[in-house]
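Open the model in a viewer and keep the selection tool at hand.

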Amino acid sequence: MTGAASDQSVLLDLKAVSQTFHSKRGALPAVRDVSLSVGRGEVLCLVGESGCGKTTTARMAAGLAKPVAGSVEFEGADIWQLGKRERVAYRKAVQFIHQDPYASLNPIRTVYATLAAPLRKHGLAGSRKDAWEQAAALLARVEMTPAANFLNKYPHQLSGGQRQRVAVARALALGPRLIVADEATSMLDVSIRVGVLRMLSKLRQELDVGFVFITHDLAIARHFGTGGRIAVMYLGRVVEHGRTEDVIGDPQHPYTKALLSAVPDLAPGPRRDPGLRGVDIPDLAALPSGCTFHPRCPLYVPGTCDAVEPELLEAAGREVACHVVAGQADAAPADDTREKTGGGV
Ligand SMILES: Nc1ncnc2c1ncn2[C@@H]1O[C@H](COP(=O)(O)OP(=O)(O)OP(=O)(O)O)[C@@H](O)[C@H]1O
């Protein structure tokens, strides 16, 4: 089953979670009925265009927001039903890394103070000397050596890449079993991004930490998610979910295909027009009927795709939410259904 965390012991289990925000425009169903899991040491990448619900899902996965429906389990326990002591243990076990390290680090705390705070708070460091040595060891983990050069520095004295490494070191301080990283490298320059990604991949292997890794960049998902799984989100739902190699190498959902066609590195050869019928992403406050991708979909079958919302079903060794791919509707000849052609995602 591709929807579950294979044979590894399950760390995180999102069970049919939904999140709805309320705005002047009405209810915004940002995430609907998403079920995903992550095993020990496993990586799950969440990808999709801006606004598809990645961050909202990540925040629920990390216990930062409560779903309006469904449940979030960590190591078999519903995280919103935990007693005080279990909640402290959960907080240590699951760490969140933000997109913007500058905003997430306290500007008036040195690197040492930033790293010592969680160690002290959870009774993991007694003396200052002990805290200093542990902070230095954490910096070594994120390849910031010699540590003495950094421990007394403030965030504004570090580069963007160094700041994100400190944020990662802080996330590691309490020995997490799951890290939820939300666009953790998207604000870094390309050359620095590669180094931070490599460091995160190494940590994942060395420490056996599970990752929920959010990125809008499929090339990054392919790199970081090697050996793991990818879930592609569209308008709050998962539309394709399977092994990274399968989803990137042989995408099935027309939306995944369109996303990939926009990344030259992942779609070698002449650039192919994904044949989308429309370029605009529908408004969450007024979702299209049936499959929410149908107004843009090149495989659109009138009467089916605009009437019934497809479920995530097993197809070609992964899960896909598409009537046509799942064999429940025949694709109409493309020209019959197109209102307009071309356009990327
Ligand atoms: N607190 C909020 N109040 C109202 N709407 C929200 C709130 N948070 C998110 N949304 C809306 O929910 C939808 C999903 O947002 P989310 O941030 O999860 O998407 P995303 O895929 O992470 O996008 P991005 O990459 O741009 O952050 C968007 O339409 C967003 O505007």
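Helices (H or I, at least four residues) and strands (E, at least two) are DSSP runs here, numbered from the N terminus. This is a predicted model: local features need pLDDT of at least 70, side-chain atom pairs count only at pLDDT 80 or more, and totals for chains, interfaces and linings use all residues. Residues are numbered from 1 along each chain as its sequence is written.

**Whole chain.** Start with a cartoon of the chain, which has 11 helices and 12 strands. Its radius of gyration, taken over C-alpha atoms, is 21 Å, close to the 20 Å that the globule rule gives for 345 residues, so the chain is as compact as a globular protein of that length. That rule is 2.2 Å times the number of residues to the power 0.38. Along the principal axes, the C-alpha trace spans about 75 × 45 × 45 Å.

A hairpin of two residues links β1 to β2, and the two strands run antiparallel, joined by 10 bridges. (Strands pair if DSSP finds at least two bridges between them.) Show L14 and its bridge partner in β2, L36.

Buried residues (20 or more other C-beta atoms within 10 Å of their own, C-beta atoms being placed from the backbone) make up 43% of the 345 in the chain. A nonpolar core is a set of buried Ala, Val, Leu, Ile, Met, Phe, Trp, Tyr and Cys residues joined through C-beta atoms within 7 Å. The largest one has 89 residues, and C45, L46, A61, A169, V180, V212 and V232 have the most contacts inside it. Helix α6 (residues 160-172) gives the largest share of this core, six residues. Now centre on V212. Which residues is V212 in contact with, leaving aside its neighbours within four places in sequence? They are V38, L44, L46, A58, A61 and V180, contact being C-beta atoms, placed from the backbone, within 7 Å.

Definitions and conventions:
Buried ≥ 20, exposed ≤ 12 C-beta atoms within 10 Å, placed from the backbone. Contact = placed C-beta atoms within 7 Å.
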